[in-house]
Amino acid sequence: MPPTTTRAAAAPPASGPAPDAGGRRLPRTLHPVAWWIWALALATAVSRTNNPLLLSLVLAVLGYVITVRRTEAPWARGFKYYLYLALTVVAIRVLFRAVFATGITPRDHFLFALPHIPTPDWYAGIRLGGPVSLEALLSAATDGLRLACMLCCIGAANTLANPKRALRILPGALYELGVAVTVSLSVAPQLVQSVQRVHRAKRLRAGPAKGLRALRGIIVPVLEDALERSLRLAAAMDSRGYGRAGTATRRSRRATGALMLLGMCGLCAGAYGLLDATAPKLLGLPAMGAGALLCFAGLRLGGHRITRTTYRPDPWRFAEWAVAGCGVLSAVLLFANVGFNAAELNPSIHPLSWPTLPLVPAAAILLAGAAGFLAPPPAAPARPAIPAQRTEEPT
């Protein structure tokens, strides 16, 4: 009797994404613009203060949101490199403040003195070397920490948002510019992914792990991979007609350019009028409103010559409004100066004392951290199907 062949039951296909804790929300990708609004609003709030306690709280909020809401995409793994860049910024700021000495006062705490290097007459006003005080280094460190927090906010947006999906919502007139910006924003995540891939390959081949030889063995393959990727991208963009004028006439192109130029001039004049209290009133909101209308007209006119289709547009739901709103509200609370003393945002180091933590700004920054649970959980990567197993039964 010939052996009978049976086929084991294949595993059922993976069902849809599992709901969040409690079965309330299904995993999905948040709209990328919501993440960018949240990150830029938090960076705006950071620009308002140099209190190291508040800046450390901002870094903690960024770390929490990224930990609970990042995806498994390649660009979602590069936030630690933004942290390295932030530490480098702080170190460079402190080093420059120590080298380019500004002198000390009798009330300062003297730390050490660097050798003084005389400068020529045309370089007057700049001192190289000299005494360095604790107050000078702390001031440089807090300024560098503020800039580092801004960089981390941009890094959080690049980590959480998909740059390719953000390209879909741009108006037609800005599509080509948006492609260029998207390519530039994706350079850093792609380089990170390429470095990690080359490093893993070198470890498997038991190559040198340290020294100049190891660095050369990583840089050359990464540059080669970047060149090949650039050539593939150029070929793909050319095959899709990127940069071609299409059916646009010279008259429409000139009208679009004139409207955009006048609109940008109006926006610049309006911003100047709002910032300068002595400027005429017409240079304030009226100029900004007229500039915004001209820019909108230019975008509408330029968008008529470009036809694009969108497959499955990203929805804008309550979660997007909540994430963007908590970031904007955090910035508004820090700029409103309501319920706290504005001096607490920028504590003085003369005399040297421990900074205080104002409650309202701290609550505003924690409010931005609410995006960690207001945003839906990220979609899990697709699991490969289990292949069917073939078994034979004996006769």
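A: Thr142 is buried, with a relative accessible area of 17%. Here buried means under 20% relative accessible area, exposed means over 50%, and partly exposed lies in between, with a 1.4 Å probe and protein chains only. Thr142 is part of helix H4. Helices are DSSP runs of H or I with at least four residues, strands are runs of E with at least two, and both are numbered from the N terminus.

What does Thr142 touch? Leave out residues up to four places away in sequence, and its partners are Asn50, Pro52 and Leu55. A contact means heavy atoms within 4.5 Å.

A word on the source of these values. This is a predicted model, in which local features need pLDDT of at least 70 and side-chain atom pairs count only at pLDDT 80 or more, while totals for chains, interfaces and linings use all residues. Residues are numbered from 1 along each chain as its sequence is written, and side-chain values use heavy atoms, with hydrogens and water left out.

Now widen the view to H4 itself. H4 covers residues 134–160 and packs against helix H1, residues 32–46. The angle is about 175°, and the axes are 9 Å apart. That angle makes H1 roughly antiparallel to H4. Axes are lines fitted to C-alpha atoms, for helices over the stretch in contact, and angles run from 0 to 180 degrees between N-to-C directions. Under 35 degrees counts as roughly parallel, over 145 as roughly antiparallel, 65 to 115 as roughly perpendicular, and the rest as oblique.

Which residues meet there? On the H1 side they include Trp35, Trp38 and Leu42. On the H4 side they include Arg146, Cys149, Met150 and Leu160. The contact residues divide into 15 nonpolar, one polar and one charged. Ala, Val, Leu, Ile, Met, Phe, Trp, Tyr, Cys and Pro count as nonpolar; Asp, Glu, Lys and Arg count as charged; the others, Gly among them, are polar.

At 0% relative accessibility, Cys149 counts as buried. A search of the whole structure finds zero disulfides. Cys149 is in no disulfide, and the nearest cysteine sulfur, on Cys152, is 6.3 Å away. A disulfide is a pair of cysteine sulfur atoms within 2.5 Å.

Ala86 sits in H3. Ala86 touches Cys152 and Ala148, not counting residues up to four places away in sequence. Ala86 and Leu145 are 59 residues apart in sequence, yet 7.6 Å apart in space, C-alpha to C-alpha. Ala86 has 7% relative accessibility, so it counts as buried.

Next comes the nonpolar core. The largest one has 38 residues. A nonpolar core is a set of buried Ala, Val, Leu, Ile, Met, Phe, Trp, Tyr and Cys residues joined through side-chain atoms within 4.5 Å. Those with the most contacts inside the largest core are Leu30, Trp35, Trp38, Leu42, Leu62 and Val323. The elements giving two or more residues to this core are H1, H2 (52–69), H3 (79–99), H4, H11 (318–336) and H12 (359–368). Apart from it lies another core, of five residues, including Ala45, Ala331, Leu334 and Ala364. In soluble globular proteins, nonpolar side chains tend to be buried together.

Setting aside neighbours within four places in sequence, Val323 is in contact with Leu30, Ala34, Trp35, Trp38, Ala371, Leu374 and Ala375. Cys326 is buried, at 5% relative accessibility.

Asn337 has a positive phi of about 55°, although it is not a glycine. At 34% relative accessibility, Asn337 counts as partly exposed.

Finally, step back to the chain. There are 13 helices and four strands. Buried residues make up 32% of the 395 residues. Among contacts between residues at least 6 apart in sequence, 78% join residues at least 24 apart. Thr142, where this began, is one of the buried residues.
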